[in-house]
Amino acid sequence: MSALSLNQRLVEYKKLMRLDKPIGILLLLWPTLWALWVAADGRPALLHVLIFVLGTVLMRSAGCVINDYADRDFDGHVERTKERPLAAKRVSTKEALLLAAGLSLLSFVLVLPLNGLTIALSVPAVFLA
């Protein structure tokens, strides 16, 4: 794979994860940070803020990938979604599933410095997400 095709593939992954449309991340981040500030009595540790910000970005991205995977046969027939990477077949279903799994795994690694209850709750939470 040439550098140009690798660059284009990364651009398609970015679109698949909706990193080019950050409003969804911001809409999830606001209540996440609010809850974190309330839980920490207004003084959350910097490590916790970083974990939750990165976790929000990663899990929102994984959710976008899984959503496009689930809708891959339908999105091609809808004007607004027909150019999404999976619908346009610029990214394979295998690539999408591997990307979603990788993003979820990275999110889980972020949780490991937190307490045991948080780690335990993160396992069922990934299925809700």
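User: What share of the contacts with a separation of 6 or more in the protein chain comes from residues 24 or more positions apart?
Analyst: A contact means heavy atoms within 4.5 Å, and in the protein chain residues 24 or more positions apart account for 61% of the contacts with a separation of 6 or more. This is a predicted model, in which local features need pLDDT of at least 70 and side-chain atom pairs count only at pLDDT 80 or more, while totals for chains, interfaces and linings use all residues. Residues are numbered from 1 along each chain as its sequence is written, and side-chain values use heavy atoms, with hydrogens and water left out.

User: How many helices and strands does the protein chain have?
Analyst: Helices (H or I, at least four residues) and strands (E, at least two) are DSSP runs numbered from the N terminus, and by that reading the protein chain has six helices and zero strands.

User: Which residues of the largest nonpolar core touch the most other members?
Analyst: In soluble globular proteins, nonpolar side chains tend to be buried together. A nonpolar core is a set of buried Ala, Val, Leu, Ile, Met, Phe, Trp, Tyr and Cys residues joined through side-chain atoms within 4.5 Å, where buried means under 20% relative accessible area, exposed over 50% and partly exposed in between, with a 1.4 Å probe and protein chains only. Of the 16 residues in the largest core here, Leu16, Met17, Val65, Ala96, Leu99 and Leu103 touch the most other members. Helices α1 (3-16), α3 (46-70) and α5 (93-111) each supply at least two residues of this core, and α5 gives the most, with six residues. Leaving out residues up to four places away in sequence, Val65 touches Leu16, Met17, Leu86, Ala96, Leu99, Ala100 and Leu103.

User: Where does α2 bend, and by how much?
Analyst: The bend at a residue is the angle between axes fitted to the seven residues ending there and the seven starting there. Helix α2 bends by about 25 degrees at Leu29, and Pro31 follows within four residues. Leu29 is also among the buried residues of α2, together with Gly24, Ile25 and Leu36, and the buried residues of this helix pack against α3.

User: Is Arg84 buried or exposed?
Analyst: Arg84 counts as buried because its relative accessibility is 16%. Arg84 is found in the loop between α4 (72-75) and α5, and, leaving aside neighbours within four places in sequence, is in contact with Arg18, Asn67, Asp68, Asp75 and Arg90.
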